[in-house]
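Here are some exercises on reading a structure, each with a worked solution. Try each task yourself before you read on.

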Amino acid sequence: MNEVAQQITQQVPDTFNGMFIGYSVFWIGIALYVVFLGIKLKHLEKRK
Amino acid sequence: MFNDKLRVCWRLFRKDLVIEARRGELLAMIVIATIGLSVILSYGAWLAGLSENQRILLAPALSLSVLLITALSVIGKFSEYDEQSGALEGLLMADVPSEALYLSRVAAIWVITFVAALVASLILPTLLGLPQVAALFTVSGIACVAGISLGLASTGALLASVTARVRVGGIFLLTLVLPLIIPLFFAGCEVLSGQESGHDFWWTVIWGLDAIYLAAGLWLHPYVLVNRTALPL
Amino acid sequence: MSQPSIPNTNPFKSELFTVATVLVAAWITYAMHLVFTVVPNEVTMGAVQRIFYFHVGSAFATYAAAFCMLIGSLGFLALKQNHLDSLQLAAAEVGLLFCSLVLITGMIWGQFAWNLAFSFREPRLVSTLVLWLLFVALVALRKFADREQAPAFCAVLGILGAIMVPVVVFSVKLLSPIAQLHPVVVEHGGLREATFRTTFWVANGAVVSMGLLFIWIRHRIALLEIRSNEQNI
């Protein structure tokens, strides 16, 4: 990390919770869609 | 050729209005629903203890939302009548041009929606204790309501042909038209709220969007009508 | 009417799919590494600003999906081919996924950074909400319409919606009175720190490529569904 970046990192508000919830929601959304695609494919293979 | 299409369009429009005048169902449904919704919404505004200024600012958005909800839940019925009675099938077999079908339907829905819009614009402000701000009493207010009703009619007429053949029926029209009509709704609120700044821009948005909706409707209507049989897979 | 041959294979078993998935997964892993271990915290918002990288990527993926949706809709109305309808279906579904993610992550970011999850004074929030309503309408129409009629109906609504996207984006920017809440980092030449910039573009590319991969897979599954329906008839 360079000097500018180190200065920026100092004394910032603690919003870690927001970041954690945000990324959790993002990946849960993606995972649910992948599961939905998997279920669709499984149904199709059963019908064959 | 063009005159023939216009003549057909005029006859269809007259037929729709005469049938509606005899039945009186759609207009009555819109007006009754408008009054009901206005009562609930204005009660909420009084309950919140809003000042007169706040109520003046709230009136356009509330009136337009009452119009949107009531008109869109009713105009889908128009196409359902034609679909169920077989009238549309007959018109298509008689080679009636799609443009004439679309424009006559837009015109009929526009008239009914415009009347309902004027009623909505009078009832809600009155219940809010502000009859003086009703759009009915100014030329620009009437023009704005006419513009919004035309947008509603042009998207509604196109997509009502879709919902007439969808399982859930006419109530689905609200879901389909709402995302398309929201910019028009914003422009209407801006114009009716009476703020002077940027008025020209919002008028351009209203009539520009109406032109886009009408052009898109004329272009896309044949695809909605013609595709009445299954595609070969 | 010529129809392309529909591959009767599980898309998850093709080599191209495996290579593409591995590449996208590696790209995302690298983006996550940059987001969580390389870039520093933003000075006023803290850690929550790191949502920005995947939030903006999701917005780009949504617009890419809207573009694919337009291509699929126009193509289907012109050529009446199943694979173009499947592209439209896939793009609308993936568009709904990423648009939901943009809205939710944006609200979480807004809540933690400015204590305000949603505001109608913020143009981009409103335009994303309208786009989301449109994707919902498209997915619902696909579900409710008959199998034979859904392609043409969805293509018509898809085109109308795609026409509205730029109109909505530009018109809501002029809503009055605008108090810009949304950061306009990129347009104003922000992200001066090199690590911010690199991470921004790597994360955007990763999320957009994931969106395109989803569209591809969903497209293949939709084609398989059509084939399966054909065989069952």
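This is a predicted model: local features need pLDDT of at least 70, side-chain atom pairs count only at pLDDT 80 or more; totals for chains, interfaces and linings use all residues.

Residues are numbered from 1 along each chain as its sequence is written, while chains are lettered from A and ligands numbered from 1 in the order in which they are written.

**Exercise 1. Find how many helices and strands there are in chain A and in chain C.**

Step 1: Helices are DSSP runs of H or I with at least four residues, strands are runs of E with at least two, and both are numbered from the N terminus.
Step 2: Chain A has two helices and zero strands.
Step 3: In chain C there are six helices and zero strands.

**Exercise 2. Work out how helix α1 and helix α5 of chain B pack.**

Step 1: The axes of α1 (residues 2-23) and α5 (residues 98-127) of chain B lie 8 Å apart, at an angle of about 40°. Axes here are lines fitted to C-alpha atoms, for helices over the stretch in contact, and angles run from 0 to 180 degrees between N-to-C directions.
Step 2: Angles under 35 degrees count as roughly parallel, over 145 as roughly antiparallel, 65 to 115 as roughly perpendicular and the rest as oblique. So α1(B) is oblique to α5(B).
Step 3: Residues that make the contact include B:Leu12 and B:Phe13 of α1(B) and B:Ala107 and B:Val111 of α5(B). Two residues are in contact if their C-beta atoms, placed from the backbone, lie within 7 Å.

**Exercise 3. Describe the side of chain A that touches chain C.**

Step 1: This contact takes 26 residues from chain A and 30 residues from chain C.
Step 2: On the chain A side, α1 (3-9) and α2 (16-47) each supply at least two residues. The largest share, 16 residues, comes from α2(A).

**Exercise 4. Is C:Trp216 buried, partly exposed or exposed?**

Step 1: Locate C:Trp216 in helix α6 (residues 194-232) of chain C.
Step 2: A residue is buried if 20 or more other C-beta atoms lie within 10 Å of its own, exposed if 12 or fewer, and partly exposed in between; C-beta atoms are placed from the backbone.
Step 3: C:Trp216 has 18 C-beta neighbours inside 10 Å, so C:Trp216 counts as partly exposed.
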